[in-house]
Amino acid sequence: MNQSHSRTMRERQRSLEFPENFDNLYDTREGDFYLKNYIGGKWDYYSDEYMKIVNPFDGSIVGFVPELTSQGVEMAIESAWTNRESIRSVPGIERIELFKTAAQIVRSHEDVLVRSLILEAGKPVHNAQAEVRATINRMNLAAEEARKIFGEYVPGDWSEDTMQKIAIVLREPVGVVLAISPFNYPLFITSAKVVPALLAGNSVVVKLPSADPITFLMFTRILEEAGLPSGSLNVITTSGKTLDAHIDDPRIGAISFTGSTAVGKRIAQRAGMKQHLHLELGGKGAAIVLPSADLDLAAKKVVHGALNFSGQRCDAISRVIVVDEIAETVVSKILDEVKTVKYGDPWEEETLVGPLIDAAAVAHVHNLVHDAVEKGAQLLMGGTYEGNVYLPTVLDHVPRDAEILQEETFGPVVTVHRVNDMDAAIEAANDTKYGLDSCVFSTNFYDAWRVAKSLKDGEITINDAPSHGVGFFPFGGTGDSGIGREGIGYSIEEMTRLKTV
């Protein structure tokens, strides 16, 4: 096979592919894919303006999606409001079966969805596969999640003022849920908002991430094929600025947002009296390594926790806090681990560190690394980039005043901060405005338990890197990491309201 033909084959393999019966989802114009939005059960563009979706690794054009104006957003909200009884009128068991059917369809199209995630999000292939499978698992757990909707019986004879009475406490849908999803898990996180909302009987408006909306548009077509009632789900692509004007719309009963702390705070300010506000925001996960730790295990887990998917995860380890007496050994083992990490092309099976989402993300990480070095940190490895691929980086002796110890990194950097003892480690870990995830490494149960009890994060992991996974355990933050909890069943609570009868 000649080189030109080989390159053509590779380019064809690395372009979008759509399953049969997905024709209404897109058009092709001069060889480019133009994806539609889904409002009121109809696929259309709803706008004359488009956003370009660019492959983060090689800069090629993946496709185009509509950039809805305020009028288009209003159409989606009105559709959700008008059709809010459609999904509620579907019996609960049928809602569960709908998602199980959708899970089967997703499984049959797994390769197509993985390809889309690699192309538009730059996800290494193993990360893309894991995201699709987590989405399947989440839908298959719909029956477990639905248990949170059952409500409870409360006998009144436990209090003098309610003798001779009983109460049934019901969980009812809030009506319309606005879901706003991030770029780093454009399929799973979005589905983890949509599935519980629909399962609870709400209609939904989804604002997809501008960088990589295509995979969830495919998923929307799958839900449609599985039998989702028309108008129950309305999926839009628009700018955050355009959506901002609609945050306080009284027809929206709940907002579920995952993204930056700055945007989350703005949503909270604009949302006003909405009782149901779920914000999963930034994180600054610490890994505390104590002298009693299994150091080989700690180094391995720390590196994977910091570098997996290029660190573009809210549960990433972005601070490694090591007690002095073992610091030299730990850093040496970390360097050995990082040297084995493959970076670059996300299509390669062994790649752990692929591209960051765009050039602005690269600049953000590089500025944090540069600031740390200027303030006295030692750059032991990396500290540079190739296109949007930031090379795996290790910083040691990072001082307390370095921005990288305070600001969310969202990049592949192992940041080592040394402390005198366990008390200093706890104090350093809590010295942040964030409080989402942290972890501690120790073979001494009492030390590990003391650290876990002392940290202010919403989730603490012992002897492993934090990982929210499919959400079987609840997770969520404190402080600038947000409000509310997400997970199997717990997401339902954020999207329903109590009625006592």
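These entries record what I looked up about salt bridges in this predicted model.

The model is predicted, so I kept local features only at pLDDT of at least 70 and side-chain atom pairs only at pLDDT 80 or more, while totals for chains, interfaces and linings use all residues. Residues are numbered from 1 along each chain as its sequence is written, and side-chain values use heavy atoms, with hydrogens and water left out.

**Entry 1, count.** I searched the whole structure for salt bridges and found 26. The criterion was a side-chain nitrogen of Lys or Arg within 4 Å of a carboxyl oxygen of Asp or Glu.

Lys499 sits in strand β26 (residues 496–500) and Glu172 in strand β8 (residues 166–173), so the contact ties together parts 327 residues apart in sequence. Helices (H or I, at least four residues) and strands (E, at least two) are DSSP runs, numbered from the N terminus. Lys499 is partly exposed at 39% relative accessibility; Glu172 is buried at 16%. Buried means under 20% relative accessible area, exposed over 50%, and partly exposed in between (1.4 Å probe, protein chains only).

I noted a salt bridge at 3.0 Å, N to O. Lys375 is partly exposed at 35%, and Asp371 is buried at 11%.

I noted a salt bridge at 3.8 Å, N to O. Glu407 lies in the loop between β21 (393–396) and β22 (413–419), and Lys433 in the loop between α15 (422–429) and β23 (437–441), 26 residues apart. Glu407 is partly exposed at 32%, and Lys433 is partly exposed at 38%.
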